[in-house]
Amino acid sequence: MSEPAPATAPRVRVRGLAKRFGARTALAGVDLVLERPELVGIVGPDGAGKTTLLRAVAGLLEVEAEEAEVLGVDLRGDVRALKARTGYVPQAFGLQRELSVGENLAFTGRLHRVPPEAFEARARELLERTGLAPFRDRPAGALSGGMKQKLAVANALLPEPALLVLDEPTAGVDIVARREIWEVLEARRGVALILVSTSYLDEAERCERLVYLDEGRVVANGTPAELRARTPLELYRVWGGEPRSVARAARGLAFVSNARADGRFARVEVNAARSPGARAVRAALEALPGALLAEAAPLDLQAAFVDLARGAA
């Protein structure tokens with residue numbers, strides 16, 4: 001069995017990581033190094049390979065690679081040592097539905113040989129943090145969708161893993177459950193390496209690092225601020241009575257990359273290389289039919305992701 005990685009070693013180091021399912025290539029040569037405990041968002045379009053990458057890193061798939069070490073364990077060999085130090089939350093609820101909330105946690109505690117005193121303290125804290133304490137005796141199958149996800153996260157954290165892997169943990173859950181799940185994750189940042197896939201922009205902003213996948217490859221890797229800084233776009237809001245009409249007209253300007261209605265304003269993305277300058281851009285946008293006011297806006301992750309998708313395409 002492989003020995004755990006020393007504290008100073010990279011937590012994840014993969015090079016040329018590939019995975020195929022029959023004729024379909026899910027991972028086409030992923031290169032990724034993650035050196036310390038942090039909260040890492042795995043993002044990208046549907047079918048980009050996010051779930052496959054997370055399952056591979058958690059030691060749940062046979063993979064091909066030039067190099068593939070997670071917590072000092074080679075993914076191409078015996079991964080039992082890795083699984084013992086990893087918490088995994090899949091998209092589908094995978095706990096025992098007939099067992100109660102407390103019984104599911106107790107089962108996981110026995111499986112990981114958590115001492116009884118430590119188990120009770122950890123279980124109590126996790127149940128309180130997730131708001132599940134009043135439901136400790138309720139069967140897991142009788143929980144709402146959001147409560148099931150919170151139980152899955154609490155269950156994965158119970159053994160205090162060095163690596164926590166979560167695949168779309170907040171998809172389809174209510175906003176209160178989403179907030180509680182992220183509060184739990186943020187409490188563990190700096191203690192464990194947390195990999196979480198998400199399609200929510202606000203959740204991506206809360207990550208310390210983002211890994212953007214497309215067609216089974218890492219297209220970009222950096223902090224949210226770094227990804228925004230690399231984006232060759234300027235963002236403007238144009239206010240007017242009919243944002244859709246304003247957006248449609250804006251697309252006819254030579255320096256505009258994209259424009260669409262976004263609530264009460266038109267969101268306009270300007271190619272930085274073709275921009276005539278902020279003052280000229282605002283003047284051109286305010287001259288559009290139906291436009292009343294144009295203002296520069298901070299570049300957001302939505303623009304960065306769209307630009308990354310265009311580049312990958």
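In which strand does E269 lie? E269 lies in strand β13, residues 265–271.

This is a predicted model, in which local features need pLDDT of at least 70 and side-chain atom pairs count only at pLDDT 80 or more, while totals for chains, interfaces and linings use all residues. Residues are numbered from 1 along each chain as its sequence is written, and side-chain values use heavy atoms, with hydrogens and water left out.

View 1. Strands (E, at least two residues) and helices (H or I, at least four) are DSSP runs, numbered from the N terminus. E269 has 3% relative accessibility and therefore counts as buried; buried means under 20% relative accessible area, exposed over 50%, and partly exposed in between (1.4 Å probe, protein chains only). Leaving out residues up to four places away in sequence, E269 touches L233, E234, L235, F255, V256, S257, N258, A303, V306 and R310. Contact here means heavy atoms within 4.5 Å.

**View 2. The largest nonpolar core, with 42 residues.** A nonpolar core is a set of buried Ala, Val, Leu, Ile, Met, Phe, Trp, Tyr and Cys residues joined through side-chain atoms within 4.5 Å. The members that touch the most others are L151, V153, L166, L185, L210 and F305. Helix α5 (residues 145–157) gives the most to this core, with 7 residues.

**View 3. The contacts of L166.** Apart from neighbours within four places in sequence, L166 is in contact with L54, V89, V153, L185, I194, L195, V196 and S197. A second, separate core has 32 residues, including V30, V57, A81 and L213.

**View 4. The packing of helices α3 and α5.** Helix α3 covers residues 101–111, and its axis is 9 Å from that of α5, at an angle of about 25 degrees. Axes are lines fitted to C-alpha atoms, for helices over the stretch in contact, and angles run from 0 to 180 degrees between N-to-C directions. The two helices, α3 and α5, are therefore roughly parallel to each other; angles under 35 degrees count as roughly parallel, over 145 as roughly antiparallel, 65 to 115 as roughly perpendicular and the rest as oblique. On the α3 side the contact is made by V101, N104, L105 and T108, and on the α5 side by L151, A154 and N155. These residues divide into 4 nonpolar, 3 polar and no charged. Ala, Val, Leu, Ile, Met, Phe, Trp, Tyr, Cys and Pro count as nonpolar, Asp, Glu, Lys and Arg as charged, and the others, Gly among them, as polar.
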